[in-house]
Amino acid sequence: MTIKRRMLLLGGATMLAMTQFAMPAKSSATDAGTPVSGGTLVIAQDANPPSLDPHKSAAFATTNITEQIYGGLLRWDEAGTSIEPDLAQSYEVVDELTYRFVLRGDVTFHNGAPLTSADVKFTFDRIADPATASPWKSLFASIAEIETPDDRTVVFHLSEPFSPLLNYLASVKYSAIVNKADVEQRGDLVSGGAGTGPFKFVSFQSNSALELARNENYYEEGLPYLDGLEFRIIPDEGSRVAAMRSGSADLTWLTTPEVVDQLAKTPSFDAPEEQPDNRVLLMELDQRVAPFDDVRVRRALSLALDRQQIADIVWRGGANLSAAIPPAQQPFGIPSADVPALPYQSEDLEQAKSLLAEAGYPDGFETVFAVSPLTFSDVAVAQVVQQQAQRVGINIKIEQKEWGSLIKDFQGTLVPISMAGLAPAPDPEANLKIRFDSTSSVNPGKTRDPEIDAFFVRGRQTTDVAERAEIYRQLQEYIADQAYAIYPAAMPLRFEVWSDTLKGYQATPFAQRVLLRKAWLAR
């Protein structure tokens, strides 16, 4: 392999990121003045983390905390468009099946243990271990072997070309490096663990509060500026707004556009000027048993829905039509204007009734739809879906569940239909692979389709952006044709708002708060 070829592969990872979301903010690290050390940032957290184990929970409420505790081999730059070293001092693409990383020599875990190549190998062995039941297992299935020739060198040997690898290694969500001794001592990391990140775990009282303290030995000199982070778990949006207005909280996420507009116009608060439609709602359909094991029934439900009406009623113009990848994630997402042309994406009640009759349900059927009221829109979406589906004889009973229970239903496919909003991923594959790949331990609809698996193989084997974009667009069309899942709309993941006393902070395209390591309080 020539040097030119190596650089092409490295550049390809950067290009994949640069084609994605952009998010300007009113407040940034470049215009906030001189950093001041000290103070605890209070975050009004909208959901209780079901687990603090980064390898066992895919919940957004978990990852937005564990990203402060753990680090990865690589990370995204402040703009979220390029990859740079993190725990790895340097890296090299030796050939399309071999990646070599050299670790920093000045990194220690929060328990005082030095970071070594054995910890990196243990991390990915743990993710791959079926006993871990990691939602990220299928993402790293192409890793055949990890070699550790010395304490600071890690060599990944792949079984096939794996173009998303660097993007995944730059996302703490998927590849948080853990300490082998710490995991073996604790048994798991569900209740907290020792990472290498800017903040270390102190305490967690479920459904109440979680406390992190400054990592005095963080490898970036002088960082973090904050003494700590306090997450106050406040599911009710009105209560979070009250906490922000009273000054008892400094940073929060909101889901109601009107409320965000009110706060953002207040001089004492900052917010990003633009927030892309990077969150898609996914309605999973249990394909293992009747009635949704029949493609005609799934197509009928899809045809019974008027997606534009759902978006207009629930978000009042603040959401857009979407396929499986959010339209904001270009060039991989299908533009909203093109979604109605996909198979079974436009309302057709007569065809829906005909398909139900062919499938043996001329009078329709009854089913259950589980949803959580945590996000204001989700119950409203379920209610509109209920009304629309009833027109073709599909009678839906809505079950509202606490968020943790809903996640169990969604990932375990415990009810015929459930719905969750999906966080954006830094690589187009991650938006789809854990949801549809046959080997995924999540796969909410329990899809088993060799043709989908073949799409993922092709998408992994090319670094050409245009070629990958075409592959993933074809895959989205195929998912729509088979109605393996229904996507009512796409909207911003969260509307982030913070006090103007928080300086040096900016939102990121993937709703990560990793830049809190560079933020400080001016009060």
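Figure 1. At a relative accessibility of 5%, Phe455 counts as buried. The model shown here and in the other views is predicted. The charged end of Arg458 sits over the ring of Phe455, at 4.5 Å from the ring centre.

**Figure 2. The aromatic pair of Tyr91 and Phe101.** Across the whole structure, a search finds 17 aromatic pairs. In the pair of Tyr91 and Phe101, the ring centres are 6.0 Å apart and the planes meet at 20°, so this pair is stacked. Tyr91 lies in strand 4 (residues 88–95) and Phe101 in strand 5 (residues 98–103), ten residues apart, and the pair links distant parts of the chain. Tyr91 is partly exposed, with a relative accessibility of 22%, whereas Phe101 is buried at 0%. Ring pairs also join Tyr91 and Phe101 into a cluster with Phe124, Trp136, Phe140, Phe156, Phe162, Tyr168 and Tyr174.

**Figure 3. The aromatic pair of Phe455 and Tyr478.** The two rings form a tilted pair, with 6.2 Å from centre to centre and 40° between the planes. Phe455 belongs to helix 15 (residues 450–460) and Tyr478 to helix 16 (residues 465–482); the two are 23 residues apart, and their pair links distant parts of the chain. Tyr478 has a relative accessible area of 16% and is buried. Phe455 is buried as well, at 5%.

**Figure 4. A charge over the ring of Trp253.** The charged end of Arg513 is placed over the ring of Trp253. Its distance from the ring centre is 3.3 Å.

**Figure 5. The packing of helix 14 against helix 16.** Two packed helices are described by the angle between their axes and by the distance between those axes. For helix 14 (residues 428–436) and helix 16, the angle is about 35° and the axes are 11 Å apart. The crossing of helix 14 with helix 16 is left-handed. Helix 14 contributes Pro428, Glu429, Leu432 and Phe436 to the contact, while helix 16 contributes Arg468, Tyr472, Leu475 and Ile479. Of the residues in this contact, six are nonpolar, two are charged and none is polar.

**Figure 6. The surroundings of Ser322.** Ser322 is part of the loop between helix 10 (307–315) and helix 11 (349–358). With 1% relative accessibility, Ser322 counts as buried. Apart from neighbours within four places in sequence, Ser322 has contacts with Val280, Pro327, Val339, Tyr487, Ala489 and Ala490. Gln345 is 23 residues from Ser322 in sequence, and the C-alpha atoms of the two are 9.8 Å apart in space.

**Figure 7. Two cis peptide bonds.** Ala290 and Pro291 are joined by a cis peptide bond with an omega of about 5°. Pro291 lies in the loop between strand 13 (279–285) and helix 9 (295–303). A cis bond also runs from Gln330 to Pro331, where omega is near 5°. Pro331 is located in the loop between helix 10 and helix 11.

**Figure 8. Positive phi values at Asn207 and Tyr344.** Asn207 is not a glycine, yet its phi is positive, at about 65°. This residue is in the loop between strand 8 (199–205) and strand 9 (209–214). Tyr344, also a residue other than glycine, has a positive phi near 60°. The loop that holds Tyr344 runs between helix 10 and helix 11.

Methods: Residues numbered from 1 in each chain as written. Predicted model: local features only at pLDDT ≥ 70, side-chain atom pairs only at ≥ 80, totals over all residues. Heavy atoms only, no water. Phe/Tyr/Trp six-rings, centres within 6.5 Å; stacked < 30°, edge-to-face > 60°. Helix = DSSP H or I, 4+ residues; strand = E, 2+ residues; numbered from the N terminus. Buried < 20%, exposed > 50% of the residue type's maximum accessible area, 1.4 Å probe, protein only. Lys NZ or Arg CZ within 6 Å of the ring centre and 35° of its normal. Contact = heavy atoms within 4.5 Å. Axes fitted to C-alpha atoms, helices over the stretch in contact; angles between N-to-C directions. Left-handed = near helix turned anticlockwise from the far one by under 90°. Nonpolar A, V, L, I, M, F, W, Y, C, P; charged D, E, K, R; others polar.
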